[in-house]
Amino acid sequence: MDPWAEREEIARQAAARVADIAAASSAQLDEVARLLQAELAESISELRGDQLMLDLLYASVESNVKTFFHIARYGVPVDAVEAPWPAVEYARRLAQREISSNALLRAYRLGHRRALEWVAGELAGVEPDGRVSFAALRMLQDAAFAYIDRVSEQVVAEYETERERWLAHRNTIRTATLSALLAGEEVDVAGAEHVLGYRLRQEHLGLVLWADERMTSTDPLESLGQLTSSVAQEVGADSSPLFVPQDRWLGWGWIPLRAGAPVDLDRLARVLGAAGSEVKAAIGAVGTGVAGFRATHRQALRAHQIAVIGAERAQQITSFTAPGVRAAAALAGDLALARDLVTSMLGGLAQDDEGVARLRETLTVFLQQNQSFVATAAKVHLHKNTVKYRVDKAVQLRGRPIEEDRLDLELALAACRWLGPAVLT
């Protein structure tokens, strides 16, 4: 026989055999789909899920296998094929459950391989001519590759569209839930925990994290989110923290704490230091339960306000529990009133001057140490005589004894310490 005619005959027989195999496979569609479903769920852990997701996986597999064998049997052009509806719906559900599209693509690759292995076995059992069997297998391989290439692209596009829609929807619900919580509204605690992905019935440490706009990082929010996780790791959190971006440079955070776990500010300062000087944090006091979730956040916001007002002197971490911060937070709401208090209580000690600032700091510690020169000297690491000189100089600049208006004096000193130039003369 002429070689060309022989090749044509082999191709004709191969095409007929492909149609036969496709027809036989269609008759065993349920069995093939069940085998593929079980193998995919076993091989790809993300696809195991609950019974609903397993049923959807079966429907996706079954519809894809059916469509492919229909193409192979009748020679339908792959360019005319659209992804089966069950396959598209399964991709959407994976997106809603935040299962990676990598798992979806891997399922198509494994399904492709397993289906070809199955038809190769069928071919070997019914076609004695190796040349025809090989040609038929090549046809099936080409058709399968073209089908998987087209359909996987379509379902991944549907996955991404649904993922964006779902995230926007989820973020809307998440934002509304968080707003209701912080406003003190009645909420279903279990439902709120599910939406936020964060347990409310525990102890919390509220954070406000922000980055300098000169930060070289291309994504400051990503850095702040990672920093929240680092803080959680440092305090030994046994579950994931909650981080909620507010704008490109600012985010709110909540760190879950074990009951009674201490918060070491020095250790937290080291974590922030490792993140770079462009990043700063304000923290509240530890709170418990839903009320504590709100309270520690409010306190972190006030500490953040203090840090921003006194930006020139702000430390990398500002704690609401630090001495004087609560008082300064109360005064920060009315800076004009705070300035009046500082001026009237401190006189010449209210100057915005480094030397005078040292006098105020020494006087603050002196008052905290019950006016003991010895205790103050030990606290500030100075000689007792130096402490006495500074206290005397501070009293001289103030213009009256420190025993007068003691409470207002301490409030004024706290305002100077934390609000800085905003209240100084």
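This is a predicted model: local features need pLDDT of at least 70, side-chain atom pairs count only at pLDDT 80 or more; totals for chains, interfaces and linings use all residues.
User: What about the second largest cavity: which residues line it?

Analyst: V32, L35, L36, R114, A115 and W118 do. The volume of the second largest cavity is about 50 Å³. Helices α2 and α5 each supply at least two of its lining residues.

User: Why does the lining of the second largest cavity count 1 charged residue?

Analyst: Arginine is in the charged class, so R114 is the charged one in this lining. The other 5 are nonpolar, and there are no polar residues.

User: How do you know which residues of α2 are buried?

Analyst: Buried means under 20% relative accessible area. In α2, that label goes to L29, V32, A33, L36, Q37, L40 and A41. Seen down the helix axis, these buried residues fall within an arc of 155°, so they line one face of α2.

User: What span is expected for α2, and what does the helix reach?

Analyst: The 15 residues of α2 reach 21 Å from the first C-alpha to the last, close to the 21 Å expected at 1.5 Å a residue.

User: Why is A120 called partly exposed?

Analyst: The relative accessible area of A120 is 27%. Buried is under 20% and exposed is over 50%, with partly exposed in between, so A120 gets the in-between label. A120 sits in helix α5. From A120 to F134 the C-alpha distance is 9.1 Å, with the two 14 residues apart in sequence.

User: And N370: buried or exposed?

Analyst: N370 is exposed, because its relative accessible area of 69% is over the 50% cut-off. N370 belongs to the loop between α13 and α14 (373-380). Phi of N370 is near 55°, a positive value in a residue other than glycine.

User: What makes Q371 partly exposed?

Analyst: Its relative accessible area of 28% falls between the 20% and 50% cut-offs. Q371 is also in the loop between α13 and α14, and its phi is positive, about 60°, although Q371 is not a glycine.

User: Now the largest pocket: which residues lie nearest its centre?

Analyst: P323, T364, Q368, R417 and W418, out of 26 lining residues. This pocket has a volume of about 750 Å³. The lining draws at least two residues from each of β6 (317-319), α13 (354-368) and α16 (406-419), and α16 gives the largest share, 8 residues. By class there are 14 nonpolar, 6 polar and 6 charged.

User: Which residues line the second largest pocket?

Analyst: Q96, E98, W166, H169, R170, I173, H194 and V195. Its volume is about 200 Å³. The largest share, 4 residues, comes from α6. The classes are 3 nonpolar, 3 polar and 2 charged; since glutamate and arginine count as charged, E98 and R170 are the charged pair.

User: How do you know how the chain stands against a compact globule of 425 residues?

Analyst: By the radius of gyration: a compact globule of 425 residues would be near 22 Å, but the chain has 35 Å. Its C-alpha atoms fill a box of roughly 120 × 45 × 35 Å along the principal axes. The chain has 16 helices and 6 strands, and buried residues make up 43% of the 425.

How values were computed: Residues are numbered from 1 along each chain as its sequence is written. Side-chain values use heavy atoms; hydrogens and water are left out. On a 1 Å grid over the protein atoms alone, a cavity is a set of points where a 1.4 Å probe fits but cannot get out, and a pocket is an open set with protein on both sides within 12 Å along at least five of seven lines; lining residues have an atom within 4 Å of a point. Grid points are joined across faces, edges and corners, and a volume is the space filled by probe spheres set on the points. The expected span of a helix is 1.5 Å times one less than its number of residues. Buried means under 20% relative accessible area, exposed over 50%, partly exposed in between (1.4 Å probe, protein chains only). The arc is that of the directions from the helix axis to the C-beta atoms. The radius of gyration is taken over C-alpha atoms; the globule rule is 2.2 Å times the number of residues to the power 0.38.
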